[in-house]
Amino acid sequence: MIFALENEKYQAQINSLISSSLEERKAAVINIKNAIIGDITKKVAYTDLGLVSRLLHLMVHDRECKEILIESTIILGSLSKECQTIEKILHTQALPIIIRGLFHQDDDVIIASLRSLRNFYFSSQTPSEPLYEDNSAGVIRLLELLPLSRIYSEYAALILSNCCKNPEQQMILFSADVIGILKSLFEYKSEKMLAPALSCFAALAYRNGTIAETITKTEESGKTLLEVFVSMMGRDRPILVQFLAAKCLTFICRAGVIASDSTLIRLKVMPTLTRMCKPDNPSKIQYLAADLLSYLLQDDKELQELAMYTDHLLRNISHYLKKTELDSTTYAFMKQSAFHVFAALCAHSESTRKKVTETEPHLIKHIVRGLEDPDYKVQFAAANCLLSFSRSIQQLRTNLSDNDVWKPVWKILNEDKNIPEELLLILSGIICNLLLEFSPARKSLLKVPILEFLSTLVKHKSKSIQLNAIWSYMNLSHGSDRDIKCNIIQSLSPLQLFEFLNTEHLQTADGKTRILKCLGLLRNILCVKEDADFIMGVHGFNIMNALQSIILFNDGNTEILEQAMCVLLNIASAGVTAKNMIVDDEDLLKAILTLMSSDRPGIQLAACFIVSDLVFNIHEGASNRRNKLNKLGLQTTLQSLITTTCSDSNLFDIIKRIMQQL
């Protein structure tokens, strides 16, 4: 009853916004503003009753009344602070209407608009596109306002730092001389001015080498901006400023402008970020610094090794996984950042993985719990961390096996039908590693419909996920019995397999990698003589066609040709039916004879082994195969090889063995 009465009161105030009296409309806006500021419950109630649409109507039709414009803009900015209301506001024309306020002639309206937009852009849900509409009118106006006053500078820089989200937006800002405009903010000493300026520079440099290089060469007050950033990492600066300066330098480094082995990165940026991971710093700084550190360490083995011995980093990051007195939101951020750092550190080095698990013996348990976390970002970070550990033979056999990590991974894959592509890519990579022959989880995964799952992955729109599926098949095929091998072919489907082997795919890097893994799969499937006989009897025609295309029309990719020749060698080592499939293809035989004289040792050796298996006397039909090869010039090829200086004793022995069979 009380709730209903309150709603009636709120509705009456909202209705007053369409009063014919301007004074009543002003009073209603002010009353609503005073009611909702700082009260989430009232914000939600007013929003649900249609406040936003009434305010927007008022802002359009009473545009000449600055009091209404200011108060309405303040209300919208306040509503945007709450996750319960911002989504509804973003489905309206609120942003474009507030952006219009930036062009108003009245200073108070402009400031109210800037403050409101600042609040909106604190949320990651707020799209940056409205500011780039009408030939980027919004961002151009922000850049015009930025140098006019201190308060304009603070808010405009904050908004811009959250509205530079892709290369196109970076270039629009860059072309509008954002660097020249922003650098003037470094004249100020306060955190309020420096922090948004540094945030902007970081956003501009992110994965953009052109802009990052320009930033490093730009000067302000006789110093390069690079020198300015270094000075701002000094301990005499506010810790947020130190962090953001380190962020600028990290992004410039990862954009390829500063070498990761430079003194600046190793002796300035790394120690600064590592120091910020200590527990005596504010929690937000701890997890932001850890996330940034993980980005700096990605794919850089030397930095990863250096980080392992930097200022108790492992012990400090391990502390992130302990909840202590943290609220649930902060704890989620701490876990994410810890998983990110451990993932980066453990991506390549076995000794690092060992040291990490010794420092934090319960890490894998934390990862398992992270995979079950309802917070998607925690789940994603945990999966990424597990992927790094799953690359280790030792970890697969010990910690990962002891904690049954395959169970939460399979649970996500089996139960969540709408897995985001980025998470599916990581989980499919983990499955790929868990299916290795020496992984204890392999037996467990074969008891669930893993092949059915892989058959859906291999048809996924993402080429990377397709590759993980093929790689999983390849790993599973190694050391498996004939039944599993046949099930793999049936699951993948012969048509799909041979389509992946189509030489048209050699034109792309993705296609080449898929061909390589498919050849690895065939090599594993045909590595046992009896299995090869059976499988060639069923699929031999298609397999030979695929191999012929690759061997005859390969664009010079040595690795692919070597794999194809290895598959052919397995076929040549099999029974009579399989051998004859090679001999019956005259073009393929000619190619093999030519490759016996190849200047690529691996390919030459494979070609000689294939001929040796085809002509070996103890195999049925060897005489016919010898005659056919001799007609195509085998003797001439052998004479040429035997008279050539041969430094490879293995090759020389094979050639001699072939000649003995003729």
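This is a predicted model: local features need pLDDT of at least 70, side-chain atom pairs count only at pLDDT 80 or more; totals for chains, interfaces and linings use all residues.
The secondary structure of the protein chain consists of 42 helices and two strands. The radius of gyration is 33 Å, well over the 26 Å that the globule rule gives for 662 residues, and the chain is therefore more spread out than a compact globule. The C-alpha trace spans about 110 × 65 × 50 Å along its principal axes. Of the 662 residues, 55% count as buried. The accessible surface amounts to about 29,500 Å², and carbon and sulfur atoms contribute 50% of this area. When contacts between residues at least 6 apart in sequence are considered, 68% are found to join residues at least 24 apart.

Nine aromatic pairs were found in a search of the whole structure. In one of them, formed by Y206 and Y295, the ring centres are 5.8 Å apart and the planes meet at 40°. Because planes under 30 degrees apart count as stacked and those over 60 as edge-to-face, this pair is classed as tilted. Y206 is located in the loop between α13 (191–205) and α14 (209–217), whereas Y295 belongs to helix α18 (residues 283–297); the pair therefore ties together parts that are 89 residues apart in sequence. The two partners also fall into separate accessibility classes: Y206 has a relative accessibility of 34% and counts as partly exposed, while Y295, with a relative accessible area of 11%, is buried.

A second tilted pair is formed by Y376 and F380, with ring centres 6.2 Å apart and planes at 40°. Here both residues lie in helix α24 (residues 376–390), and their separation of four residues corresponds to about one turn of the helix. Y376 is partly exposed, at 28% relative accessibility. Elsewhere, F186, F201 and F229 form one aromatic cluster.

A246 is part of helix α16 (residues 239–254) and is buried, with a relative accessibility of 0%. When neighbours within four places in sequence are left aside, the residues in contact with A246 are M233, V269, T272, L273 and L292. The C-alpha atom of A246 is separated by 36 Å from that of H91, a residue 155 positions away along the chain.

The other position, I658, is placed in helix α42 (residues 649–661). At 0% relative accessibility, I658 likewise counts as buried. Between I658 and L131, which are 527 residues apart in sequence, the C-alpha to C-alpha distance is 75 Å.

Conventions
Residues are numbered from 1 along each chain as its sequence is written. Side-chain values use heavy atoms; hydrogens and water are left out. The radius of gyration is taken over C-alpha atoms; the globule rule is 2.2 Å times the number of residues to the power 0.38. Buried means under 20% relative accessible area, exposed over 50%, partly exposed in between (1.4 Å probe, protein chains only). Contact means heavy atoms within 4.5 Å. Accessible areas come from the Shrake-Rupley method with a 1.4 Å probe; for residues, only the protein chains shown count as cover. Rings of Phe, Tyr and Trp (its six-membered ring) pair if their centres lie within 6.5 Å; planes under 30 degrees apart count as stacked, over 60 as edge-to-face and the rest as tilted.
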